[in-house]
Amino acid sequence: MIPQSAIDAIPYAEQLGIKLHDTLDSGFVFKLEPESRFMGNPAIEAFHGGIICGLMDCAMTVTIMCVLEKAEPPSIINQTTSYLGSASLQSPVYVRAEITKPGRRIVGAYARAYQDNEVHLVAKCSSLFKLVERLRQ
Amino acid sequence: MTAMDSAMGLATMLAMEELSSLATLELRYDELRPPQDEDGIFIKSHCDSIDDGIAYLTSTASDSSGIFARAVARFILTPGSTSFMEAAMAAINGEQS
């Protein structure tokens, strides 16, 4: 499955406006352009933390669908997000998502969010997903 | 997840004694089952403690069948003049005038 088809299969990802930015050997990089509706703190004009964790969730879901060639989005079991800095609304947020454990039923994934400099992370998270099992005919 | 982060932020604002800027430090989210599409969801958030500038929160999300997700978060509070609350109030007042 190509990443854009996977994004279109997830209404929340489509609604946010996530775009594929780069393809890596180990995963994908996604991009989210700043919009005023994403504002969390008007005092510093920063992205809302909930948008960042939702973006990372979608990025990992799309990565799993594309790398493991699944038509159905996996369902999330848990996600632990660490916020490392504020994400300015002056520039886009990039999320690099990779699979850490490609299991048969449970898949582990990792995502890192950054802006202008890939070294200065805005947030990072690790998650577990359950693959949706198709009923046998 | 986005809604729970917002709800816990609002719970922190209601619990804090002085106006402060706040930011999420960590959010742990467990999804027990997928929510049902046709119903709206309810989010209950509780600020368990604010200690040494860190707020500790728990939250649950439920639909008509009961709880489908839970979350635990920590927020950091930064008291200061450029607080979130003041900017938010200024934005609201600006819209009203």
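Helix axes here are lines fitted to C-alpha atoms over the stretch in contact, and angles run from 0 to 180 degrees between N-to-C directions. In this predicted model, the axes of helix α3 (residues 49-67) of chain A and helix α1 (residues 2-15) of chain B come within 8 Å. They cross at roughly 160 degrees. Angles over 145 degrees count as roughly antiparallel, so α3(A) is roughly antiparallel to α1(B). An open sheet of ten strands takes in strands from chain A and chain B.

**Helix pair across the chains**

- The crossing of α3(A) past α1(B) is right-handed.
- On the α3(A) side, the contact involves A:G49, A:G50, A:I51, A:C53 and A:G54.

- The ten strands follow the order β1(A)-β2(A)-β6(A)-β7(A)-β8(A)-β5(A)-β1(B)-β4(B)-β3(B)-β2(B).
- Their pairing is antiparallel.
- β1 (19-23) of chain A and β2 (42-51) of chain B are the edge strands, each pairing on one side only.
- From one strand to the next, the twist averages 25 degrees.
- Strands of a sheet pair through backbone hydrogen bonds, either parallel or antiparallel.

**Strand pairings in and around β1(B)**

- β5(A) and β1(B) run antiparallel and are joined by five bridges.
- Within that pairing, A:T81 has B:L27 as its bridge partner.
- A:N78 stands opposite B:D30.
- Inside chain B, β1 (residues 20-31) pairs with β4 (residues 66-79) over eleven bridges, again in the antiparallel sense.
- B:D30 also stands opposite B:R70 in β4(B).
- B:R28 has its bridge partner in β4(B), namely B:V72.

**Helices on the sheet**

- α1(B) lies across β1, β2, β3 (54-63) and β4 of chain B.
- The direction of α1(B) is at about 45 degrees to β2(B).

**The side of chain A that touches chain B**

- The contact between the chains involves 19 residues of chain A and 21 residues of chain B.
- α3 and β5 of chain A each supply at least two residues of that side of chain A.
- β5(A) gives the most, with nine residues.
- That side of chain A has seven nonpolar, eleven polar and one charged residues.

**Chain A overall**

- Chain A contains three helices and eight strands.
- Along the sequence, its pattern reads α-α-β-β-β-β-α-β-β-β-β.
- A compact globule of 137 residues would have a radius of gyration near 14 Å, and the 15 Å of chain A agrees with this.
- Along the principal axes, the C-alpha atoms of chain A fill a box of roughly 55 × 25 × 25 Å.

Notes. Residues numbered from 1 in each chain as written. Chains lettered and ligands numbered in written order. Predicted model: local features only at pLDDT ≥ 70, side-chain atom pairs only at ≥ 80, totals over all residues. Helix = DSSP H or I, 4+ residues; strand = E, 2+ residues; numbered from the N terminus. Parallel < 35°, antiparallel > 145°, perpendicular 65-115°, else oblique. Left-handed = near helix turned anticlockwise from the far one by under 90°. Contact = placed C-beta atoms within 7 Å. Pairing = 2+ DSSP bridges. Rg over C-alpha atoms; globule rule 2.2 N^0.38 Å. Nonpolar A, V, L, I, M, F, W, Y, C, P; charged D, E, K, R; others polar.
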